[in-house]
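Hi there,

Here is the structure I promised to pass on. Have a look at it first, and then read on for what turned up when I went through it.

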Amino acid sequence: MNTLQKVEILGESAKWDSCASSSSNRKVTTNNRIGNAAGCGICHSFTEDGQCISLWKTLYSNACSFDCKYCANSAGCNKNPARFEPKEFAKVFMSLYVRNYVEGLFISSAVEKDSDNTTEFMINAVEIIREKYKFQGYIHFKVLPGTSYDLIKHASEFADRMSVNLEAPNKSRMAEISSVKDYKIDILRRQAWLKRMKLPSGQTTQLVVGSSDETDLEILKMIDWEYKNIELKRGYYSAFSPVPKTPLQFKDKTPLIREHRLFNIDFMLRKYHIPLNEFKEIMDEGMLPRTDPKIALARHYFDSGIDLNEAGWNDLIRIPGIGPRSASRILKLQETSIKIKKKQQLKNIGVVLKRAMPFITLNGNRQKMLMEYA
């Protein structure tokens with residue numbers, strides 16, 4: 001198998017890893033190097049300053065000894081195994097980089113012989129990129145479940161961000177989709193190690209949504225715990241899709257709207273700091289509504305229209321169409337005694353009028369919601 005074939009096969013195999021924009025606060029001060037950590041992020045997405053960037057996302061190997069029931073690369077399911085060699089991997093990445101196709105690297109892998117053996121090869125590849133080619137740009141290194149502390153520590157010396165995928169929200173759900181992963185030891189313990197390593201861009205994780213019949217509440221309880229205890233930068237959600245020739249090939253595909261709603265709640269947990277308990281009020285048997293959860297929460301939370309000239313932070317942040325930035329601007333106007341009386345003022349502040357108007361009052365008037373005409 002030639003290198004180009006490996007690039008195609010292993011790049012396709014990596015599509016199950018979800019990732020989005022990120023950047024690193026690591027400072028590069030040496031002149032004998034190429035690449036910039038601060039200007040990089042993930043796969044045709046955006047950094048915090050709005051820059052669109054790209055990253056080579058690939059597996060080092062797709063020949064896995066683990067038996068995850070949903071995965072096309074799991075033991076006995078993959079009929080087209082491929083792997084790089086460290087020097088080959090490094091050469092391909094640098095070739096892509098110098099041609100301006102990518103600006104950073106996301107390296108993951110299936111578990112070949114065992115986690116440590118595979119991780120050693122991944123580290124060798126990244127070490128060549130850093131040391132031989134002097135690349136100082138962004139690298140996200142995926143930690144394989146069960147990898148030893150010393151190897152994770154070594155990998156952290158080359159990485160801006162690292163991640164261990166949860167895949168399932170708890171031990172019992174993990175047991176339904178894999179017989180070889182110990183949830184607390186192989187995954188949560190490794191996350192605790194990453195927390196102590198103080199990575200420049202922190203750690204992330206991912207869950208597969210719908211592979212084990214878990215509820216949205218189970219997922220959100222786990223991710224909420226991770227934000228509070230693991231210092232997680234961000235959680236990602238991947239809707240289950242049945243893969244031919246895997247044990248779950250006949251299981252129903254998870255609707256993408258479910259994945260989308262989990263991202264909605266995640267954002268409000270992470271950025272708005274709305275307690276998870278509030279979202280339980282809009283769930284049905286642990287499942288989120290198909291409608292916009294912030295609108296559903298506002299309908300449950302507010303008895304009447306909110307006067308923006310008097311509302312506090314807790315109320316403002318729960319109004320659809322108002323985010324942290326626009327809420328802060330409204331509070332600053334309150335401090336200056338400038339009254340909000342017109343829609344144009346709200347537009348200037350950054351409020352999304354279509355979403356906000358049914359929940360606020362302007363000059364004592366409120367736009368009715370459709371449900372109120374029933």
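This is a predicted model: local features need pLDDT of at least 70, side-chain atom pairs count only at pLDDT 80 or more; totals for chains, interfaces and linings use all residues.

E231 is not a glycine, yet its phi is positive, at about 60 degrees. For context, most residues other than glycine have a negative phi. E231 counts as partly exposed, with a relative accessibility of 43%. N100 also has a positive phi, near 70 degrees, and N100 is a residue other than glycine. Its place is the loop between helix 2 (86-98) and strand 4 (104-108). Is N100 buried or exposed? At 63% relative accessibility, N100 counts as exposed, because the cut-off for that class is over 50%.

Now for the chain as a whole. The protein chain has 14 helices and 10 strands. Of its 374 residues, 53% are buried. If you take the contacts between residues at least 6 apart in sequence, 66% of them join residues at least 24 apart.

Two leucines show such links between separate parts of the sequence. L269 is found in helix 8 (residues 256-272) and counts as buried, at 8% relative accessibility. Its C-alpha atom is separated by 7.2 Å from that of D224, although L269 and D224 are 45 residues apart along the chain. Not counting residues up to four places away in sequence, L269 touches L220, I223, D224, I274, P275, L276 and F279.

L199 sits in the loop between helix 6 and strand 7. L199 is buried too, with a relative accessible area of 11%. The C-alpha atoms of L199 and E157 are separated by 8.8 Å, and these residues are 42 places apart along the chain. Once neighbours within four places in sequence are left aside, the contacts of L199 are S156, A159, D160, M162 and L194.

S178 is another buried residue, with a relative accessible area of 4%. You will find S178 in the loop between helix 5 (171-177) and helix 6 (183-197). The side chain of S178 reaches the backbone nitrogen of V180 at 3.4 Å. Leaving aside neighbours within four places in sequence, S178 is in contact with D67 and C68.

C68 brings us to the cysteines. How many disulfides are there? The count comes to 0. A disulfide would need two cysteine sulfur atoms within 2.5 Å, and the sulfur of C71 is 6.2 Å from the closest cysteine sulfur, in C68, so that pair is too far apart for a bond. C77 is in no disulfide either, and its nearest cysteine sulfur, that of C71, is 8.0 Å away. C71 counts as buried at 19% relative accessibility, and C77 is buried with a relative accessible area of 11%.

C71 also turns up in the second largest pocket. That pocket has a volume of about 510 Å³. Its lining is made up of 30 residues, of which D17, Y70, C71, N165 and E167 lie nearest the centre. The elements that give two or more residues to this lining are strand 7 (203-209) and strand 8 (234-239). By type, the lining residues divide into 17 nonpolar, 9 polar and 4 charged.

If you open the model with this email beside you, C71 would be a handy place to begin, as one of the residues nearest the centre of the second largest pocket. From there you can go to C68, which holds the cysteine sulfur closest to that of C71, and then on to S178, which is in contact with C68.

Conventions. Residues are numbered from 1 along each chain as its sequence is written. Side-chain values use heavy atoms; hydrogens and water are left out. On a 1 Å grid over the protein atoms alone, a cavity is a set of points where a 1.4 Å probe fits but cannot get out, and a pocket is an open set with protein on both sides within 12 Å along at least five of seven lines; lining residues have an atom within 4 Å of a point. Grid points are joined across faces, edges and corners, and a volume is the space filled by probe spheres set on the points. Helices (H or I, at least four residues) and strands (E, at least two) are DSSP runs, numbered from the N terminus. Ala, Val, Leu, Ile, Met, Phe, Trp, Tyr, Cys and Pro count as nonpolar, Asp, Glu, Lys and Arg as charged, and the others, Gly among them, as polar. Buried means under 20% relative accessible area, exposed over 50%, partly exposed in between (1.4 Å probe, protein chains only). A polar contact is a pair of N or O atoms within 3.5 Å; within protein, one must be able to donate a hydrogen and the other to accept it, and residues adjacent in sequence count only if both atoms are side-chain atoms. Contact means heavy atoms within 4.5 Å.
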